[in-house]
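Colleague: Hi, could you walk me through this one?
Modeller: Happy to, here it is.

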Amino acid sequence: MSHLSSPAINADVSPYDRLKELGIVLPPAPSPIANFVTHIQEGNMLYLSGQGPREDDGYMHTGKVGGDVSVEEAYKHARLTGINLLAVMHSALGDLRRVKRVVKLLGMVNAVPDFADHPSVINGCSDLLIDVFGEAGNHARSAVGFSSLPGNITVEIEAIVALKD
C-alpha cells in the first residue's frame with residue numbers, strides 16, 4: 001500500500017501527470033443517487049457530497065468490513081471512492097490544478113459491530129489524495145464505523161477542498 005508521495009515529490013508536477021503515473025483515468029463524475037447535488041462551491045471552498053466505491057460500469061462494492069469484506073479489499077474500495085471524488089472535483093472545477101489543498105475527509109465504513117480498524121480502510125482514499133496532490137493532499141480526517149450505508153456499500157467518503165484564488 002505504498003504511494004508516490006515521498007518527501008521528494010515535485011510540487012511542479014500536475015495532478016493529471018500524477019494520475020497518469022498511477023495509471024488512473026478519471027471516470028465521468030457519478031450522478032447523485034437521491035435528492036442532492038454532488039458538490040457545492042461557496043467562495044474558495046468546495047464541499048463534496050459522499051461518494052462510494054462505484055466502478056466505471058456502475059457496479060458498487062457492497063458488504064460488511066470485518067465480516068465478508070477484508071480490510072485490504074475495503075482499502076481498495078476507499079481508493080476507488082477517492083477516484084470518484086477526484087472525478088467530481090474535476091467536473092466541478094474543470095481543472096484539478098485549482099485545488100489549493102484537501103482540507104478534510106469524512107470516511108464512513110460499513111462495518112461489523114466489533115470492527116476497530118476504520119483508519120486503515122480510509123487510508124485508501126487518503127493515500128490516493130496525497131499521491132495526486134502531494135503535500136496539498138494532506139488533510140484532517142475522521143474515519144468512523146456505521147451499522148449500514150446506502151445500498152450496503154462498503155465505504156462512503158465526503159471531502160472539503162480549498163481552492164486557489
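Predicted model: local features only at pLDDT ≥ 70, side-chain atom pairs only at ≥ 80, totals over all residues.

Modeller: Helix α3 (residues 118-133) lies across β3, β4 and β5 and runs at about 160° to β3. Here axes are lines fitted to C-alpha atoms, for helices over the stretch in contact, and angles go from 0 to 180 degrees between N-to-C directions; contact means heavy atoms within 4.5 Å. Helices (H or I, at least four residues) and strands (E, at least two) are DSSP runs, numbered from the N terminus.

Colleague: What's the strand order in the open sheet?
Modeller: β1-β2-β5-β3-β4, 5 strands with mixed pairing; two strands pair if DSSP finds at least two bridges between them. β1 (39-42) and β4 (140-146) are the edge strands, each pairing on one side only.

Colleague: And how do β1 and β2 pair, parallel or antiparallel?
Modeller: Antiparallel, over 4 bridges. His-39 has Leu-48 in β2 as its bridge partner.

Colleague: Switching topic, where is Tyr-47?
Modeller: Tyr-47 is in strand β2 (residues 45-51).

Colleague: Why does Tyr-47 count as partly exposed?
Modeller: Because its relative accessibility is 37%, and partly exposed lies between buried (under 20% relative accessible area) and exposed (over 50%), with a 1.4 Å probe and protein chains only.

Definitions and conventions:
Residues numbered from 1 in each chain as written. Heavy atoms only, no water.
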